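Open your viewer and get ready to select a few residues one after another. We will go from stop to stop and see what is there.

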Amino acid sequence: MEESVMESGGVSGSGARPGVAASWDSVTAALMSPGCSLAERQLSDSLGLLCGQGLGQLLAGWLLEVLQMRLSSSVVPEFWSGLKQPENELEEKDRAWVLLTTFRTLLDRLEPFLVGLERLGTWQDAGYGGLCGPGLRGLQERAYTIIRALLLFSPSPVLQEQVLEFYSRTFSVYINQEGEGEDGGEVPDGPGGGICPGCAVPVQRCWCQEALQQLRELSHILSKLQLLQWVSSEAVTSILHRLIEQRMEQHCRGEYERSFLLEFQEWLELVLGWLSKVFVSEGAGEDPGRVPSPPNVSSAQAAQPASPVLKQWRLHMHQFFCRIYVNMRIEELFSIIRDFPESKAAIEDLKFCLERTNQRQQLLTSLKSAFESRLLHPGVHTSDILTVYISAIKALRELDPSMVVLQVACQPIRKYLRTREDTVRQIVAGLTGDAEGCSDLATELSKGDPVTLEMQDSDEEGNDPEDWSPDPTDAVPDKTGSKRRSSDIISLLVSIYGSKDIFIDEYRAVLADRLLHQLNYNTAREIRNVELLKLRFGESHMHYCEVMLKDMADSRRINSNISEEEARLSEEEQSPLSLSAIILSSEFWPPLKEEKLELPPLVCQAMQAYTHRYEKLKAMRTLSWKPHLGSVTLDVELEDRTLTNLTVSPIHAAIILHFQDKSSWTLEELSGKLGAPKELLHRKLALWQQHGVLREEAGGRYYVMETGSSKEKIERGVMLIDSDEERDSNTTTQSEQREEKLQLFWAYIQAMLTNLDSMTLDRIHSMLRMFVATGPVVTEMDVNELEAFLQRKVREHQLMVSAGVYRLPKAN
């Protein structure tokens with residue numbers, strides 16, 4: 001190198017070395033000593049000499065190496081020792097001052113290097129003296145990387161603790177001044193108002209303004225050293241997360257009836273004001289950062305000028321709020337659904353936030369678990385389960401118009417309802433307005449929507465192909481999206497069983513009970529319900545119900561005609577009993593319960609006379625009486641009192657009429673007269689005992705109580721209902737009808753096994769379908785039900801099974 005210098009410089013070796021050394025000293029002094037008075041010409045010559053000798057490119061490396069050595073030897077140790085507080089330094093204000101002073105000192109120590117780097121970078125950018133290199137930006141990036149690496153390589157927790165404390169206090173001060181103490185979580189309670197809500201010290205020692213000034217100065221220092229994001233981000237994130245969680249708990253937890261999105265948006269703008277002071281020097285004046293605005297938020301409120309850094313923080317806060325809000329509402333979703341539609345505002349907020357987070361699967365898992373633990377167990381009545389399910393349909397349809405959430409989350413409810421024997425009856429009771437506290441189904445039915453279930457089950461979409469949109473990925477692939485969205489509450493309940501025939505049969509049974517329990521022929525309400533159900537299920541399916549209602553109208557007319565005919569007879573020819581009947585077309589009514597009951601001769605004579613007159617009105621037709629059904633109105637005359645206008649069941653009336661012929665009876669005697677079991681009669685006699693008409697004495701004999709106390713008087717014109725009749729139905733239940741149909745299957749199975757000796761389960765099922773193809777029950781029995789029925793017959797020793805093959809047992 002020495003020879004090269006000599007040749008290029010044209011001077012002797014002894015004269016070149018002092019020239020290069022002097023030039024190096026001059027240039028480095030100009031870089032490290034801002035007050036150095038070096039002439040422009042002399043500086044240019046020195047740089048030219050160094051560059052001519054290939055030494056100009058070493059300046060940047062030398063300066064960065066000196067910076068690294070100074071940081072390692074003195075600056076970094078001094079920085080961390082400065083953060084250590086004296087033991088008597090306990091005041092928060094003093095700790096803030098220590099933090100700021102430490103960063104001031106750091107800036108002072110690094111200022112010469114930063115100035116030198118800036119000057120060297122400027123020379124390189126301008127090509128001053130032939131100097132070349134990475135330029136100002138490149139030098140600064142390398143220098144700041146060295147500073148961060150050495151200063152924050154293994155930071156002490158004391159730095160983050162002090163920064164977190166300082167930012168928390170300045171946030172409290174800022175909110176107190178700008179937001180008028182809006183954030184309740186940061187305002188301490190002070191006795192008598194003597195404590196400043198911003199800095200939490202007595203008002204006389206308030207340092208709020210000083211804290212804000214310190215915040216501005218610290219932000220400028222950190223920005224100048226490019227440490228702002230590295231030092232502040234963790235503390236700011238921790239503060240914002242904590243404040244959002246606190247605010248959520250204080251304002252949103254358990255509150256479902258109002259929206260919080262607009263309120264949060266306003267609070268977010270306030271917080272961004274504080275963030276703009278924290279990141280004051282980070283590129284202010286850029287385009288505004290925008291986040292999706294919630295409903296009812298004006299564009300002026302939703303956006304304000306922000307730097308790229310503030311834009312990132314706005315998006316981060318918005319995302320964190322949405323995630324925390326969704327987490328909280330997922331925990332409360334069961335209660336929100338239960339309170340719907342009062343909780344509609346919470347559903348709308350949840351929908352807005354859920355669209356911006358990836359938490360659908362979390363919601364589905366949590367909601368299914370909540371349903372199973374809080375709703376689907378034997379302690380909850382079926383009507384309450386249906387009420388929650390209907391609320392879930394309404395709420396989740398609002399939350400997810402595609403109804404995928406409803407379909408997936410409510411699968412456990414639908415599966416559980418299929419195991420409840422009274423589910424169908426409760427649904428039908430809700431449709432007819434008979435269910436207590438459940439008016440949603442009756443209201444839904446009264447809308448009179450002409451869209452029938454056949455139209456909803458159709459495979460033809462009939463929609464514009466351009467309006468098609470794919471189902472979400474978590475959709476259950478059993479229905480198309482349009483079918484799922486078109487399903488209303490009633491069709492969703494009907495689809496629990498997959499067949500509307502079950503509901504129509506159950507409604508026939510409910511309608512029959514209502515008609516048979518009436519004491520008059522008023523069917524206006526039932527006619528209305530049938531007409532509405534025809535819109536849902538189709539006219540053909542409701543034909544039987546229309547015939548039942550027609551029977552009631554015909555019965556009224558026939559009774560009127562027979563009564564007029566009796567009125568024209570003389571008193572001797574008239575029956576002592578006034579009899580009216582409901583005449584049923586047996587093929588169209590559901591099966592009625594059969595009970596043996598022999599009525600007194602007087603009643604039988606009146607029934608025969610009524611039948612004779614009916615046969616005269618309706619040629620070629622006769623009546624088959626159901627003596628155990630109906631009601632009887634009678635007067636009971638006792639020695640000291642008369643019970644008038646009592647309405648009881650036929651068996652109660654038959655019992656008391658026999659006491660008119662004889663004052664005492666035993667159960668065996670009554671059972672022989674009435675043809676009813678003694679157990680049944682014992683229960684029915686209890687009604688007359690409770691009302692002081694009969695008493696039981698030793699030996700099981702019943703006597704009439706001719707005299708009684710005033711407490712045993714019965715009001716005039718009351719209906720006496722036995723306790724076991726309050727919920728009694730005149731029609732057979734679904735399970736009873738099912739058992740009758742299974743016995744029909746059993747006859748077929750016995751015949752098949754007699755002829756074929758042995759058969760497998762699948763073959764029995766297929767042959768049953770073939771032989772009973774026209775029956776209404778074939779589609780209702782699947783292989784699993786048939787297997788359960790056959791296993792029951794095996795346990796009853798009426799069948800034998802071996803290796804899956806069934807056969808009849810051999811006769812002994």
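Is Arg253 buried, partly exposed or exposed? Select Arg253: at 32% relative accessibility, it counts as partly exposed. Here buried means under 20% relative accessible area, exposed over 50%, and partly exposed in between, with a 1.4 Å probe and protein chains only.

Before the next stop, a word on what you are looking at. This is a predicted model, in which local features need pLDDT of at least 70 and side-chain atom pairs count only at pLDDT 80 or more, while totals for chains, interfaces and linings use all residues. Residues are numbered from 1 along each chain as its sequence is written, and side-chain values use heavy atoms, leaving out hydrogens and water.

**Around Arg253**

A salt bridge is a side-chain nitrogen of Lys or Arg within 4 Å of a carboxyl oxygen of Asp or Glu. Glu331 is exposed, with a relative accessible area of 55%. Select Glu249, Arg329 and Glu332 too, and you will have a network of salt bridges that links them with Arg253 and Glu331.

**Along helix H12**

Next, show residues 308-338, the 31 residues of helix H12. Helices (H or I, at least four residues) are DSSP runs, numbered from the N terminus. Look at Glu332, where H12 bends by about 65°; the bend is the angle between axes fitted to the seven residues ending there and the seven starting there.

**From H18 to H23**

Which salt bridge joins Glu506 to an arginine? Its partner is Arg425, at 2.8 Å, N to O. Glu506 belongs to helix H23 (residues 500-517) and Arg425 to helix H18 (residues 423-431), so the pair ties together parts 81 residues apart in sequence. Glu506 is buried at 3% relative accessibility, whereas Arg425 is partly exposed at 31%.

**The cysteines**

Finally, select Cys353, which is buried at 0% relative accessibility. A disulfide is a pair of cysteine sulfur atoms within 2.5 Å, and the structure holds 0 disulfides. Cys545 is also buried, at 0% relative accessibility.

Conventions
Helices (H or I, at least four residues) and strands (E, at least two) are DSSP runs, numbered from the N terminus. The expected span of a helix is 1.5 Å times one less than its number of residues.
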